[in-house]
Amino acid sequence: MTTPNVALRAVRAGMRMSQDDFARALQAAGHRAGEPNDANKRLVQRWESGAIAAPRPVYARALEVVTGLPIALLGFAEVPGSDVAEDAHGGHDLISPMSDLATPTSTRRPTAAHGSYEGVWLSRYQFHSSGRGESFAGQHYVVVIQHGDRLTARSLPGSAASSLSLDLTLDGSVVTGTWVEQTDPAGYYRGARYHGAIQLLAEPTGRRMAGKWVGFGKDMDVNTGPWELTFQDASTSKATLDRYNSPAG
């Protein structure tokens with residue numbers, strides 16, 4: 001008996017994508033990365049139904065790019081000792097058998113000069129609340145996924161009442177991108193959505209990024225403040241993410 005992948009279905013629904021839309025996004029991500037894939041609606045259905053317990057690597061990488069989440073958070077089973085996922089009948093998922101060999105391993109996931117930025121980071125920013133006349137700090141544990149010069153960070157839901165996402169691009173030690181925060185519906189900002197730009201400098205150790213954010217206030221004034229990311233753990237396994245899925249600080 002198969003177990004439906006409710007996590008993947010929830011992520012896709014949260015992105016407001018149909019199964020066809022999701023498959024097209026996976027194909028586009030593979031094309032941009034030089035790893036073409038044959039994602040289609042039927043394959044997404046088989047993942048979500050649990051008929052395929054885990055994707056092959058070429059799909060796993062595309063899934064991480066499209067969702068901004070590590071494969072460990074997408075509800076798939078791990079396949080110890082193998083990088084090939086099989087369905088309940090022992091068949092492989094829908095992909096040309098040569099497509100995963102077309103790109104040399106050394107070019108599949110380029111990393112930063114010091115190594116990879118992937119893992120769990122503590123995100124901390126400061127902002128001034130004009131309504132309350134005070135300054136506050138927002139903190140989240142975020143999981144960072146790296147594909148080439150692109151970093152995506154998504155907050156772990158238990159680390160804060162609000163949710164945070166960052167989409168960043170590396171250029172040497174300069175990290176530039178955008179941020180979006182969906183505030184706590186029960187909090188002071190009543191679920192308001194804020195967004196803006198961010199620019200950070202990565203330390204040579206690769207263990208800290210610090211810089212500034214810019215965004216709009218409720219009166220459409222431009223605000224700014226400090227933001228830093230501090231490395232916590234290189235693992236993105238489910239056990240590690242579960243450990244950090246608690247209030248940040």
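Buried means under 20% relative accessible area, exposed over 50%, and partly exposed in between, with a 1.4 Å probe and protein chains only.

Strands (E, at least two residues) and helices (H or I, at least four) are DSSP runs numbered from the N terminus.

For leucine 166 I listed contacts (heavy atoms within 4.5 Å). Leaving aside neighbours within four places in sequence, I found Leu151, Thr152, Ala153, Arg154, Thr178, Trp179, Ile198 and Trp227.

On conventions, I note that residues are numbered from 1 along each chain as its sequence is written, and that side-chain values use heavy atoms, with hydrogens and water left out. Because the model is predicted, local features need pLDDT of at least 70 and side-chain atom pairs count only at pLDDT 80 or more, while totals for chains, interfaces and linings use all residues.

**Helix H4**

I asked how much of H4 (57–67) is buried. Eleven of its eleven residues are, so H4 is largely enclosed by the rest of the structure. The buried set includes Pro57, Arg61, Glu64 and Thr67. I find that what covers these residues includes helix H1 (6–14), helix H2 (19–32), helix H3 (41–49), E2 and E3. Just after H4, glycine 68 takes a positive phi of about 75°.

**Asparagine 37**

I placed asparagine 37 in the loop between H2 and H3. At 8% relative accessibility, asparagine 37 counts as buried. Beyond four places in sequence, asparagine 37 is in contact with Leu26, Gln27, Gly30, Val58, Tyr59 and Ala62. The side chain of asparagine 37 also reaches the backbone nitrogen of alanine 39 at 3.1 Å.

**Serine 49**

I found serine 49 in helix H3, partly exposed at 31% relative accessibility. Which residues does serine 49 touch, not counting those up to four places away in sequence? I list Thr2, Thr3, Pro4, Asn5 and Arg9. The C-alpha atoms of serine 49 and threonine 3 are separated by 6.9 Å, with the two residues 46 apart along the chain. The side chain of serine 49 reaches the backbone nitrogen of alanine 51 at 3.3 Å.

**Positive phi**

Most residues other than glycine have a negative phi. I noted arginine 16, with phi near 60°, in the loop between H1 and H2. Arginine 16 is exposed at 78% relative accessibility. I also noted arginine 190, with a positive phi of about 55°, in the loop between E5 and E6. Arginine 190 is exposed, with a relative accessible area of 72%.

Notes
A polar contact is a pair of N or O atoms within 3.5 Å; within protein, one must be able to donate a hydrogen and the other to accept it, and residues adjacent in sequence count only if both atoms are side-chain atoms.
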